[in-house]
Protein chains: 2
Amino acid sequence: MKYGYFDDERREYVITNPQTPWPWINYLGNEDFFSLVSNSAGGYAFYKDAKFRRLTRYRYNNVPMDNGGRYFYINDGGTVWSPGWKPCKTELDKYECRHGMSYTQITGAKNGIEAETLFFIPLKTWAEVQKVKLTNTTSGVKKIKLFSFMEWCLWNAEDDQNNLQRNLSTGEVEVKGSTIYHKTEYKERRNHYAFYHVNTAIDGYDTDRESFVGLYNEFSEPKAVIEGRATNSEAHGWSPVASHYIEVELQPGESKDFIFVLGYIENKEEDKWEAKNVINKQPAEAVIERFNTVEKVEAALNELRLYWDKLLGKIVLQSGDDKLNRMVNIWNQYQCMVTFNMSRSASFFEVGIGRGMGFRDSNQDLIGFVHQVPERARQRIIDIASTQFPDGGCYHQYQPLTKRGNDAIGGGFNDDPMWLILGVVSYIKETGDFSILDEMVPFDNDMSIAQTLYDHLTISFNHVVNNLGPNGLPLIGRADWNDCLNLNCFSSDPNESFQTTENNTEGSKAESVMIAGLFVVYGQEYVELSKRIGRADEAQRAQKEVNKMIEAVKTKGWDGEWFLRAYDFYGNKVGSDENEEGKIFIESQGWCTMAGIGKEEGLCEKALDSVKERLDCDYGIVLNNPAFTKYVIEYGEISTYPAGYKENAGIFCHNNPWIMIGETVIGRGEKAWEYYKKICPAYLEDISDLHKTEPYVYAQMIAGKDAYKPGEAKNSWLTGTAAWNFYAVTQYILGIQPDYDGLKIEPCIPAEWTEFTVKRQFRGAEYNIRIVNSAGVNKGIASLEVDGVKQKGNTVPLFEAGTHEVLVTMG
Amino acid sequence: MKYGYFDDERREYVITNPQTPWPWINYLGNEDFFSLVSNSAGGYAFYKDAKFRRLTRYRYNNVPMDNGGRYFYINDGGTVWSPGWKPCKTELDKYECRHGMSYTQITGAKNGIEAETLFFIPLKTWAEVQKVKLTNTTSGVKKIKLFSFMEWCLWNAEDDQNNLQRNLSTGEVEVKGSTIYHKTEYKERRNHYAFYHVNTAIDGYDTDRESFVGLYNEFSEPKAVIEGRATNSEAHGWSPVASHYIEVELQPGESKDFIFVLGYIENKEEDKWEAKNVINKQPAEAVIERFNTVEKVEAALNELRLYWDKLLGKIVLQSGDDKLNRMVNIWNQYQCMVTFNMSRSASFFEVGIGRGMGFRDSNQDLIGFVHQVPERARQRIIDIASTQFPDGGCYHQYQPLTKRGNDAIGGGFNDDPMWLILGVVSYIKETGDFSILDEMVPFDNDMSIAQTLYDHLTISFNHVVNNLGPNGLPLIGRADWNDCLNLNCFSSDPNESFQTTENNTEGSKAESVMIAGLFVVYGQEYVELSKRIGRADEAQRAQKEVNKMIEAVKTKGWDGEWFLRAYDFYGNKVGSDENEEGKIFIESQGWCTMAGIGKEEGLCEKALDSVKERLDCDYGIVLNNPAFTKYVIEYGEISTYPAGYKENAGIFCHNNPWIMIGETVIGRGEKAWEYYKKICPAYLEDISDLHKTEPYVYAQMIAGKDAYKPGEAKNSWLTGTAAWNFYAVTQYILGIQPDYDGLKIEPCIPAEWTEFTVKRQFRGAEYNIRIVNSAGVNKGIASLEVDGVKQKGNTVPLFEAGTHEVLVTMG
């Protein structure tokens, strides 16, 4: 069953039934100021850091689900409703939610009043702008009452929910004209406040939650709205909120627009006050001034549209498949931007207070984003590398507000260093900007021991080489990419976190075949990069290490029909046919086939056939098989999940593209494509009832074949799945690969595809690439012409500017 | 306005209007297993530790307030209601909530059905028993549908609310007969599960929240209840709940009882399973068996009543004042038991995940509890002292489940050590058990460096002596009793906690006059104790230190009209007439007058007159005056609160009894009594609308005269206020003081009181003490007779057993 449809023309997903199987959300904001908004206007706003600068309060996992947001209430002669259906849940005559590129428009209608609400964060602005257009569609005059509503969060979202004995006494507000200011703690250590404004005279306001909602009322029936009047309450402690009350008269057919602005202001210490205890409102008034007419708001929205036109103009696919087109051209790229901005901090599954940016995550997120805004990718790489330790190990996470490594989780995840090579290489291949390698980058944020970024890569490479186990394979440390495979943890105390508890690596034999494959892939990249910058000796040294690793995998990492996953603390095999449960794991099959280890001997093909046979199911490829049915203390968290969920035999979508790419390595275009479609949300729209999460973005996990409900997705939006699938489909299936010398073209597609075109902007020029497969092959380039000129090899050479026609003939 | 009344006969507060100004709650459970229950059955249950073993889910500061609990729904021909009004909020024909001693009974009636629901935790039982009696009060047959409902918490309450990306995949249940078992994570590191049972065959059940409630429904309108049928759902991840569905037919006048049991079970590792993935239910069935009939439940309730009869039989006051009687005899003692059990962990203001037991708090809580169950007080003292450091400093908090000091907050609160002397001395005076002094007690839980408890006291005493500042007054460290007076903190970063941020004590001159007074009071007690156990030399040495401190306070701690509060980091006066704000503070007036420092010279009287003039107001004594209106970085958190709230000039009730006691030191009975009545909840019942929190227990704070709404209370239940007011009223106003040699009688009362009696059980004997004040004095004993025999002095000597008549004549 579907709950809406794609409007590709407008780059929107249009939800037509508000009762989606889970709140379907969108993200507003592109830098600094962000909001989450659901299809019923639930969600919250924050400045930079969802933990430390939460602007509005939100309650996760609530009853009802998704309760709280920026709500508008209309009291029309006693009938109370909201344009987004929730929170009132009054049956509407019309409902439509359009999630677009960084904006959301929700329209509801009831009894002859149509309310169109638009939400977006203008570029370079620390404010969410909300435009409410009320239209009288009847032939009589309508007098209605409009209430806005949001609840302030007392800045630190964690403290806000837990430290009530303090927080219920601290809330402070000011009201001036039509603007409600939230200034809790401004008088002490904070130099920032928030405000909520409307561009019209108001007939009342409320700033105290109990006065507006009532102590025992639901959000669906706020006392003030039901009673049809504001109380002009001033919050002193308890729960400060912001609500405007406006009486609206509409002639037949008349429309009126109201512009609301939810903003965030920082003042310098010396500019904090305009009088004793009266905050300096000038900067807020300046923001308000920028958006106080419909024309200004529409101009700002248009700027945002143009911004996205530009971003999404860099790669444009025309295939015969609408679903594929909309994923590649719109939604997958959009999700990559969101993961770049959010890492794993704030979604409707990530509560925004748990953790910061991941070292591993953020490097991977780059590969789906670097073509969009390379300058931001560059800064991100420097930020990430700055949290590395001098020995090449890395803080596993860092806080976006402070950019410091997170001590609580620390380091010791031995895959982390290799991802930095991925990030840097992807950046240089996209931009050609080798200068990044010369940037002086600190260790653990200590500039006094800074080295160049290239040195960081060397140290990253060496970190693996310096941490090999008895089989010559990389020691796993706390965990590799699979945070839940905790081979040195041995936790028996349920109050311990598997990720942060003290590990016993002393004398451990725990090795990771996945890191081995990863090392071969990015070790090879390191070799190539070193050659490119004239470090031939280093390239040679590194190549030897890579070769040794390939050998180690072949001799110690092969189980007969597939690659082993690891060796445990005691040196026992993990992911072997010898095991009773967890005989085969996806990660090492992905990385070792991506690395092409043993391709000639048929190992890759065998491994991928085993994946098909043992891991594949209707909804994607599960992580391991058989699922664990009991806790294995020497494996850790992976064995704690119910069978078929998350890392225990769930379809952990992040790793599925590794198999897709592996399939392209051995040229099996049909298989790669089949795997792509299985987890790709646009193809799952018809089973939204089962899939549950948004049909326009990837989820981290889909329940696997061993689960109670196979096919049910969880943890949508913030997942490395976005970047990896974009990378896999554009670079390995469609085969458009940015490379040092140009765009390498190497598609691997189903034989039945006859043709597709990709418009690609690359280093200042634009390429219209037409790929023709009249031969009906999966892979292989017979010829490549640029502007009518035949080329040697399969790389489109670099041009400084202009538009160039590329004709690729497969065969 | 009142929302109910006291039923002193049954020791209950009876709420007759469900819409109390804030949820009015009760505590169930006396050891190990606890529940919080509001007047509409909201709240939650936990085993030992409200953070690590939360059994049922609860959402704090929700909309509506107090949403979630153990709910019963009745669907009577389409009319859906709950006996506790909430969550349905259907208007009831009758509503009554009786909060009693460790039980709560809520009765609702609608359309001829009366539902009486009883909640309690039987003694020595890890289960909450709920008895539902349904009565048909009509003359026709009634067929109704009864649903139970609660939501499981996934054990760790903090993780439960934050780690959704994991938790939404882990939930697991089993259903067998009429019992729903919650076994999330049981298959891995947990050896415990919970269950919810009803003692009748059921017509259906639900264990998946979405199936029962609906994704977008409120708790007030669960889908299953509205539709009048259960779905027999089995939770796999998402949110496991427990709901029984029972079809009930009642003849005219007929009643039926249903007994529900919410229990917690721990199994040994080897006894975890009865079959693969099937939990061992035998221990649960044994608990169920204990409460499967009305007779058994009533017997258990009766046991609980007898338990409280015994506890509350130890001190029984008969004064002419019902309010005073009910506070002394029932509610203040009851609250003392609750604070002893909970410390500051779990109330409707303390979310149960923030912190453990306080070193300072728990020692003070003892003084209101030690007479009730001295054995438990003894154990608590040992537990607390075990977290002391070898230098006498103390972990400021420890975790009740592990009994280990809390590293996050650490130590350095320089008042902490002195409270241990208070705790120990109070215990010995009540019990005569000097043997506790010989117990070997570890430091920082390290038994290898244990010393006797007496040694701990010596080290505590010396910790002050060894940490004196330039004026010979005690260095304050991170803070003294006032956690918000952070004289060495200098925090400018709003993301820092004032309590845990790194302090700058190096070179600090910050001294506390309050600790000086505290040191004189408990230093004197240490001297006396040392003498009692034959340590005359130590007593002499200690006395000299105490004398020096008295001198230091007189010369450096006196401001002219009152005692200074402190010296700051730079050596500047805090709480002096020289200051612009915060000229006078309550704490040092309390402790220095309790210590009688400068009593002869009139300092005590002057100080207390200043308190009356500057700190007193209609609702109690504020903490400081004038309130701070801006942040003072060298004072810290105290200056962050809005004026009149919390530590910034709020009526911080904990310290009001210090002034009451101070007044008794100088014999001003009227003043002591006036201060007592002002903050005593029973006297505030008529202004419940303003006071907001329960009229049967103390709140931590009442908004002071500088506040927006003076008289509004917050943070009820878990506060040292309970113990201190009980201590002040019983020992210093009524004047019945346990002492080493017997009961010392030293009342200080209003002159108009003519007589009162106190029945006191003490060291195995019972004393009926009649105090006659025909002379109309405030203080002073003219004569004291025991069993008709005149005594010298004012101490009732010890008897081994029997009942003894004591006649005290004031004059």
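Predicted model: local features only at pLDDT ≥ 70, side-chain atom pairs only at ≥ 80, totals over all residues.
Modeller: Local features here need pLDDT of at least 70, side-chain atom pairs count only at pLDDT 80 or more, and totals for chains, interfaces and linings use all residues. Residues are numbered from 1 along each chain as its sequence is written, chains are lettered from A and ligands numbered from 1 in the order in which they are written, and side-chain values use heavy atoms, without hydrogens and water.

Biologist: What makes Lys89(A) and Glu218(B) a salt bridge?

Modeller: The rule asks for a side-chain nitrogen of Lys or Arg within 4 Å of a carboxyl oxygen of Asp or Glu. Here the N to O distance is 3.2 Å. That value is within 4 Å, so the pair qualifies. The count between chain A and chain B is eight salt bridges.

Biologist: How many residue pairs are in polar contact across the interface of chain A and chain B?

Modeller: There are 49, with both residues at pLDDT 80 or more. A polar contact is a pair of N or O atoms within 3.5 Å; within protein, one must be able to donate a hydrogen and the other to accept it, and residues adjacent in sequence count only if both atoms are side-chain atoms.

Biologist: Which elements of chain A supply residues to the side that touches chain B?

Modeller: At least two residues each come from α1 (157-162), α2 (164-167), α3 (209-213), β35 (699-702) and β36 (713-716) of chain A. Helices (H or I, at least four residues) and strands (E, at least two) are DSSP runs, numbered from the N terminus.

Biologist: What kinds of residue make up that side of chain A?

Modeller: It divides into 31 nonpolar, 24 polar and 28 charged. Ala, Val, Leu, Ile, Met, Phe, Trp, Tyr, Cys and Pro count as nonpolar, Asp, Glu, Lys and Arg as charged, and the others, Gly among them, as polar. The contact, meaning heavy atoms within 4.5 Å, takes 83 residues from chain A and 83 residues from chain B.

Biologist: What area do chain A and chain B bury between them?

Modeller: About 7300 Å², 50% of it on carbon and sulfur atoms. Buried area is the accessible area (1.4 Å probe) that two parts lose on being put together, summed over both. In chain A, Arg189(A), Tyr216(A) and Trp238(A) lose the most area to chain B, together 13% of what that side buries.

Biologist: Why are β22 and β42 of chain A called edge strands?

Modeller: The open sheet of six strands has the order β22-β39-β40-β44-β41-β42 (chain A), with mixed pairing. β22 (315-318) and β42 (789-790) of chain A each pair on one side only.

Biologist: How many bridges join β14 and β15 of chain B?

Modeller: Four, between residues 173-176 and residues 179-182, in the antiparallel sense. Val175(B) stands opposite Ile180(B) in β15(B). The hairpin has two residues between the strands, and Gly177(B) takes a positive phi near 60°.

Biologist: Which residue takes a positive phi in the hairpin of β25(A) and β26(A)?

Modeller: Asp444(A), near 45°. Lys403(A) also has a positive phi, of about 60°, although it is not a glycine. Lys403(A) is in the loop between β24 (397-398) and α10 (416-431) of chain A.

Biologist: Where is the cis peptide bond that ends at Pro87(A)?

Modeller: It runs from Lys86(A) to Pro87(A), with omega near -5°. Pro87(A) is found in the loop between β8 (79-81) and β9 (94-99) of chain A. In chain B, a cis peptide bond joins Asn625(B) and Pro626(B), with omega about -15°.

Definitions and conventions
Pairing = 2+ DSSP bridges.
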